[in-house]
Amino acid sequence: MTHDIAMRISKTILFLAGVGLAALLTLGATRAIVVETPATQSTSELSSKSPEKPLDTSIAATVPPTDVAIDIPPVANAVDTVSAIQSKPASPFVVKRILQIDEPFVHGYYKWDDEGVPDGEIVITVDLKAESLSVFRDGYEIGATVIKFGDALKPTPTGVFPITQKSKDHVSNIYHVPMPYMLRLTNDGIAIHAAEVKWGYGTRGCIGVPHEFARLLFEQVKLGDRVIVTNGKMLDLGEPIVAG
C-alpha cells in the first residue's frame, strides 16, 4: 500500500515537472520571437548607447527628450524643418562691393550709388563704433552714411532686427517729435529715421540718418528686411553679411 502511494506521488511530480518544463519552453520561444521584432531591436540599439537608462518602447516614439520643448511638431514635420534649416545658408550673399568714398566721411555726409546693381535682398548694417550705416543690395553696397544713435540714457541695442513697420510721416507717440521715413526695428520705439545728423548729437536709441538718405532708403526696403546692428564689426569684400 505504501509502495503504491509512493509510485503515485512520483508520477504526479514527474507530470508536474513536465508541464512546468513545457511552459518554460513555450515562454522562451515567445521571448525569442519578441526579441526579433523591429521595435525591440531598435530599443536594444538605443539602450546600448545608454545601458543605465533602458528605453520604454511604449513611449519612446512620443515623448521628447527633457531638453526639448513639449510643443515640437510631429516627427515627419520635424525632419522637414531640420532639413530646411540645414539647407538654408546663414546669409544669402557675401560682400561683393564696397562703395568708394573719397570725400571726408563726416556727420551729415552720405553716399548713394545703385546704378547697375542687380535687384536682390536688402540688408542694412550699422556699426555704432564707426558711427556708420551701410545698405547692401544682393551683396553690393549701394549706400553709406554717418549716423547719430542712442546716448547714455538710452543706448541703441545691438542684434538683428527685421523691419516691422514703415511710415513716411511718422510722429513719435513717446516723444511727440517728427520721425520722417521711419523704419521700425523694435516695439519699444527703436527705429531708423531721418534726422539732423551733427557731431555730438544723440538719440533715445534710434538711428538717425540724413533726410535725403532716409528717403532713398525708405524707397528701397520692405517689411522683413534685416538690420544688423553691431559695435565694431567691420565688413570686407568676400565676407558673409551676418551678425557677429
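Visitor: Why does serine 167 count as buried?

Guide: In this predicted model, serine 167 has a relative accessibility of 17%. Buried means under 20%, so serine 167 counts as buried.

Visitor: Where is serine 167 placed, and which residues does serine 167 touch beyond those up to four places away in sequence?

Guide: Serine 167 lies in strand S6, residues 165-171. With residues up to four places away in sequence not counted, serine 167 touches Met179, Pro180, Tyr181, Met182 and Phe218.

Visitor: What sits over the ring of phenylalanine 218?

Guide: The charged end of lysine 166, 4.5 Å from the ring centre. The distance limit for a charge over a ring is within 6 Å, and 4.5 Å meets that part of the criterion.

Visitor: How many aromatic pairs does the structure hold?

Guide: There are four aromatic pairs. One of them joins phenylalanine 105 and tyrosine 109, with 5.9 Å centre to centre and 75° between the planes.

Visitor: Why is the pair of phenylalanine 105 and tyrosine 109 called edge-to-face?

Guide: Ring centres must lie within 6.5 Å to pair, and planes over 60 degrees apart count as edge-to-face. The values for phenylalanine 105 and tyrosine 109 are 5.9 Å and 75°, so the pair is edge-to-face.

Visitor: Are phenylalanine 105 and tyrosine 109 buried or exposed?

Guide: Phenylalanine 105 has a relative accessible area of 34%, which lies between the 20% and 50% limits, so phenylalanine 105 is partly exposed. Tyrosine 109, at 15%, falls under 20% and therefore counts as buried.

Visitor: What makes tryptophan 112 and phenylalanine 213 an edge-to-face pair?

Guide: Their centres are 5.5 Å apart, within 6.5 Å, and their planes form an angle of 75°, over 60; the pair is therefore edge-to-face. This pair links distant parts of the chain: tryptophan 112 is in strand S1 (residues 110-112) and phenylalanine 213 in helix H4 (residues 211-220), 101 residues apart. Both tryptophan 112 and phenylalanine 213 are buried. Ring pairs also bring Tyr110 into a cluster with Trp112 and Phe213.

Visitor: Which residues have the most contacts inside the largest nonpolar core?

Guide: Ile124, Val126, Leu133, Ile192 and Ile207, in a core of 28 residues. Elements giving two or more residues to this core include strand S2 (122-127), strand S8 (191-194) and H4. H4 supplies the largest share, five residues.

Visitor: Which residues is isoleucine 192 in contact with, leaving aside its neighbours within four places in sequence?

Guide: Among them are Ile124, Leu133, Ile207, Leu217 and Val227. A second, separate core has six residues, including Val95, Phe136, Ile228 and Ile241.

How values were computed: Residues numbered from 1 in each chain as written. Predicted model: local features only at pLDDT ≥ 70, side-chain atom pairs only at ≥ 80, totals over all residues. Heavy atoms only, no water. Phe/Tyr/Trp six-rings, centres within 6.5 Å; stacked < 30°, edge-to-face > 60°. Buried < 20%, exposed > 50% of the residue type's maximum accessible area, 1.4 Å probe, protein only. Helix = DSSP H or I, 4+ residues; strand = E, 2+ residues; numbered from the N terminus. Lys NZ or Arg CZ within 6 Å of the ring centre and 35° of its normal. Core = buried A, V, L, I, M, F, W, Y, C linked by side-chain atoms within 4.5 Å. Contact = heavy atoms within 4.5 Å.
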